[in-house]
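Thanks for coming. Please have a look at it first.

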Amino acid sequence: MSKLVIVESPAKAKNIKGYLGKGYDVIASMGHVRDLPAARLSVDVENNFEPKYAIIKGKENFISDLKKKADKADYVYLATDPDREGEAISWHLANILDLNLNDKNRVTFNEITKTGVQKGMAAPRKIDLDLVNAQQARRILDRLIGYKLSPFVSQKIRRGLSAGRVQSVALRLVVDRENEIRAFVPEEYWSIDAKLTNPPERKVFSATLVEDPQGNKLRLDKKNIANKEMSDKILAELDGAEYVVKSVKKGSRKKSPTPPFITSTLQQEASRRLSFQARRTMKAAQELYEGVDIKGKGTMGLITYMRTDSLRISEEARAAGNDYIRKTYGEKYLPAKPRYFRTRENAQDGHEAIRPATPSITPDSVKDSLTSDQYKIYKLVWERFIASLMESCVQETMKIEIDANGYLFNATGYTVKFDGFTALYEEKTDDSEKTAAEAPLPPMKEGDVLRLRSIQGNQHFTQPPARYTEASLIKALEENGVGRPSTYVTITSTILSKEYVVREGKQFVPTELGEAVTNLLKDKLPNIVNVKYTSKMEDDLDKIDSGNTDYIEMIRLYYNDFEAPLEKAKAEMQGVKIKLKEEETDVICDKCGRNMVVKVGRFGKFLACPGYPECKNTKPLVHKTQAKCPECGGDIVEKRTKKGTAFFGCSNYPKCNFMTWDSPSDEVCPKCGKSLFRRKGNVLYCPDKEGCGFTKPAPRKK
């Protein structure tokens, strides 16, 4: 019998074909094959929100070939990704190929390994229409809201803008945080910090003042020492004081490992530890899931499915991980009772956590077979999973109370009694979450007289909340129940590409445009940017998965909630246009002498005279670099193709036709003095056509 298996990606098709062998033809759909056409609403609002699907443009020939293959096959298996989107793709394929929806032709693979593929093929099931309807409800609601809201925002602010069910909430979080920072008024406070030793020990340790002679607590968070005058008064009263150990309290504490990764925590940790953007992280993770060619082992998937918010792991994987820990670290590194992590309430538990498909395959054993990004992500996933199975770290703590003229100082520290999981891995935290490290303290006992090395008052100011980074924004979205694992990358990419926010280092800073969009929606359609409302919508949409909620009624409920305020806003703002402050440049209009401003049109940004309509002069917007043209000596400027891809050319075009995709550097060639350019492989080279040929490794970009 001939059997046709349809998956989503060519890489996965190749690997699964290798596991299934003869009698199977495996073909990739390349993602969705049918969708709501973008040129129109494509949803019949008057007829129970019936979607009007069509074959995606450019896939007509593929569908024709696929139908021929399906007609010749004795059986067709739908093996798209194991999530809502994958279920919907299988449903669309079944409709296109006229497959019986009651047939057990749907198979899923949690991992692309021989065992994982065999398990999936051995347990075919019917297409889960509840999952399909859950995906359809989201797709239809997103289309209705986006298709009707985006034109309103564009008409009121500027052409080409977009708004949506989730992206607008994400943008509001960034804008609200910026407003908190602006409104923040720093408050001064002081700490009194002493450096001490316990002779004959030479080790210096720190102690902080925590209580005055009257028993009043001096807490930093309460800003009890409010200014320099108060600090100086206390220091004067401590002048010449004897520092005596009042009490020594010893204890122990356990530090438990963090759970294995889910989609959001993988993106956050890769951002903190590797400075990876979410898209880069998910690209590497997708490749590791679909399979890579491992020397001596063949092609295999290295991690389980990477879009998940479940912390569950299989007992088989647990046993394999425990076996590795036992052999590598010893029995004492395994907890007496297995550790189970609780998945949050509104999580979808269809998949395991992200873990190595084969725990015995260590990162270093496959490093030579992986790209740099694949290796780094696999190492993160593998170490986090193994560490989550290991025994807790045990720390011995010490808290010292020190009396000085009735004032009480505290010193705390710890030593590691048993390293446990920290022998392998510890989670990084955001800068805003870091606390001062506790250093080990020298031996001390009650009554010891300490030697003062130095004491001073230190001025502090309260700090505003930190701006969101991509990692912390994803964390906030997850904690607030906004969006789902499959959407985080799209959300952050959209608000960046629409120039609603810009990156400053790792931080997201809202633009004037982003703030204008948010303020408009907060004023006229507050539910659209209400975090709790959107979270409730997500929870209600999740209920469709279980089959207990009618998805059409769910769409009707939220559409009606959205349509009336939108129509009201349109009526109230008829003829109103929100004017943004224009970015003035130092480019002088050669017709009237005004400073030209940056405008945005259908094809991106351009320079225009602010004197319009009296002066209609416009110019292309170019960014001048420090480099000079190697052919004529003109300025090298950054330009963009119609698709927005950056390239570099001579400012004297069309007289000079020099153009390159390689980015210019600030350095010049030591041989001929011409500007050096950076090409793939992180190499600086001289583009001199006379054959200079100079190259050197490029310094890392900061």
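I start with Asp-98, which sits in the loop between α3 (84-96) and α4 (114-121). Helices and strands here are DSSP runs, H or I over at least four residues for helices and E over at least two for strands, numbered from the N terminus. Asp-98 is not a glycine, yet its phi is positive, at about 55°. Is Asp-98 buried or exposed? Its relative accessibility is 69%, so Asp-98 counts as exposed. The cut-offs are under 20% relative accessible area for buried, over 50% for exposed, and partly exposed in between, with a 1.4 Å probe and protein chains only.

Met-30 is another non-glycine residue with a positive phi, about 60°. Met-30 belongs to the loop between β2 (24-28) and β3 (34-35), and with a relative accessible area of 53% it is exposed.

Now the ground rules. This is a predicted model, where local features need pLDDT of at least 70 and side-chain atom pairs count only at pLDDT 80 or more, while totals for chains, interfaces and linings use all residues. Residues are numbered from 1 along each chain as its sequence is written, and side-chain values use heavy atoms, with hydrogens and water left out.

On confidence: pLDDT is the predictor's confidence in each residue, from 0 to 100. The protein chain averages 91, and 96% of the residues score at least 70. Over residues 431-437 pLDDT stays under 50, and the model has three contacts for them beyond four places in sequence; contact means heavy atoms within 4.5 Å. Where pLDDT is low, the predicted coordinates should not be read in detail.

Overall, the chain has 17 helices and 29 strands. Of its 702 residues, 48% are buried.

Next, the interior. A nonpolar core is a set of buried Ala, Val, Leu, Ile, Met, Phe, Trp, Tyr and Cys residues joined through side-chain atoms within 4.5 Å. The largest one has 139 residues, and Leu-149, Val-153 and Leu-302 have the most contacts inside it. Helix α5 gives the most to this core, ten residues. Apart from it lies another core of 24 residues, including Ala-194 and Leu-450.

Staying with α5, which other helix does α5 cross at roughly 145°? That is α16 (residues 531-542), whose axis comes within 9 Å of the axis of α5 (residues 129-156). Axes are lines fitted to C-alpha atoms, for helices over the stretch in contact, and angles run from 0 to 180 degrees between N-to-C directions. Ala-134, Ala-137, Arg-138 and Leu-141 of α5 meet Met-537, Glu-538, Leu-541 and Asp-542 of α16.

Lys-156 is also in α5. At 8% relative accessibility, Lys-156 counts as buried. Leaving out residues up to four places away in sequence, Lys-156 touches Leu-520 and Met-573, among others.

Last, two cis peptide bonds. One joins Tyr-612 and Pro-613, with omega about 10°, and Pro-613 is in the loop between β20 and β21 (618-620). The other runs from Tyr-653 to Pro-654, with omega near 10°; Pro-654 is in the loop between β24 (646-650) and β25 (659-660).
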